[in-house]
Amino acid sequence: MEKKRVAIIGAGSSGLCNIKCCLEEGLEPVCFESSDDIGGLWRFKENPEEGRASIYKSVIINTSKEMMCFSDFPIPDDFPNYMHNSKIMDYFWLYAEQFDLLKYIRFKTKVCSVTKRSDFSTSGQWDVTTESDGKQESAVFDAILVCTGHHTNAHLPLDSFPGITTFKGRYLHSRDYKSPDEFTGKRVIVVGIGNSGVDLAVEISHTAEQVFLSTRRGAWIFGRVGDGGYPFDAVFTTRFHLLLKQCLPMFKINQLIEHKLNSRFNHSHYGLKPKHRNPHWRSLVLCSHWGLSCPLQNCKLAGLYVSLRDLLSCHQQVR
């Protein structure tokens, strides 16, 4: 019986493991990667490329190696618990070489279109058109796996910032940020308290004159290192914690976690305690955004909490 052909779009972490899974199921995978390398999001480039995800040079993963590794290929013992993006790329290459995945990847090949065939209702097949070296070709596949991720396009809602057209300073999305050197001696405001926002605020604070971190509602800040020096996610994901979740009401679990986090540093003192609350849980650690940062409370951030409303009135002060 002829093998079913599967088109895999993207050779990042998902694309690589999908190649392996297809081989294990007796399928014939063909992976199309528009760049010249594997890794997807985790491949650092000095200059952002259109249509590709882009990370800053200092990015460290927020998941420990024990929790993020492929189940059939543990990360080497000498790799750090929380890996720099370069170490993640090393791991992907080890994985690809271990299972001989590279021969199924067509590098520098862009997928132009994926369409159902005229007999799709009976065959379930797809026409895939690709382009490489300026030449297009089409092929028929029995299944499509889209592994392109969701961090490609930047969201920059400039319409939400009155006066941005007259602002004399520079503004940019975290996608275009690479290092803190260009902010030396400047006053900077970072809008958003997601993981990227926290990372950038901390890093820029080492060179800038003053840094403000703007958050609309606050966030709970977790450290990467948990009790006993173990990775936070390994400590948090245990049978004991699962038992607590099953036995205790949700509001009590939230209270315990809030107490634990505030014992490290009181979020109210930094203007970080989330202002929105869930009327059913009466607390909100598990229903609000988390930030992950070990040095946030130690860096020289000035005015750590600035509401979005205050940001609009002070944008002219930022240079």
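Which helix holds both E24 and K20, and how many residues apart are they? Both lie in helix α1, with a spacing of four residues, or about one turn of the helix. The model described here is predicted.

## The K20–E24 pair

K20 and E24 are joined by a salt bridge in which the closest N and O atoms are 2.2 Å apart. The two partners differ in their surroundings. E24 has a relative accessibility of 52% and counts as exposed, because the cut-off for that class is over 50%. K20, at 9%, counts as buried, because its value falls under 20%.

## Other salt bridges

The count of salt bridges in the model comes to nine. One of them joins R52 to E49, with 2.7 Å between the closest N and O atoms. E49 is partly exposed, at a relative accessible area of 29%.

Another salt bridge is formed by K103 and D100, whose closest N and O atoms are 3.1 Å apart. K103 is exposed, with a relative accessible area of 57%, while D100 is partly exposed at 42%.

Strands of a sheet pair through backbone hydrogen bonds, in either a parallel or an antiparallel sense.

Opposite C31 stands I105, a residue of β3.

## The antiparallel sheet

A further open sheet consists of three strands in the order β4-β5-β6, with antiparallel pairing. At its edges are β4 (110-116) and β6 (135-141), and each pairs on one side only. From one strand to the next, the twist averages 20°.

Six bridges connect β4 with β5 (residues 126-132) in the antiparallel sense. K116 is placed opposite W126, which lies in β5.

Definitions and conventions. Residues are numbered from 1 along each chain as its sequence is written. This is a predicted model: local features need pLDDT of at least 70, side-chain atom pairs count only at pLDDT 80 or more; totals for chains, interfaces and linings use all residues. Side-chain values use heavy atoms; hydrogens and water are left out. Two strands pair if DSSP finds at least two bridges between them. Helices (H or I, at least four residues) and strands (E, at least two) are DSSP runs, numbered from the N terminus. Axes are lines fitted to C-alpha atoms, for helices over the stretch in contact, and angles run from 0 to 180 degrees between N-to-C directions. A salt bridge is a side-chain nitrogen of Lys or Arg within 4 Å of a carboxyl oxygen of Asp or Glu. Buried means under 20% relative accessible area, exposed over 50%, partly exposed in between (1.4 Å probe, protein chains only).
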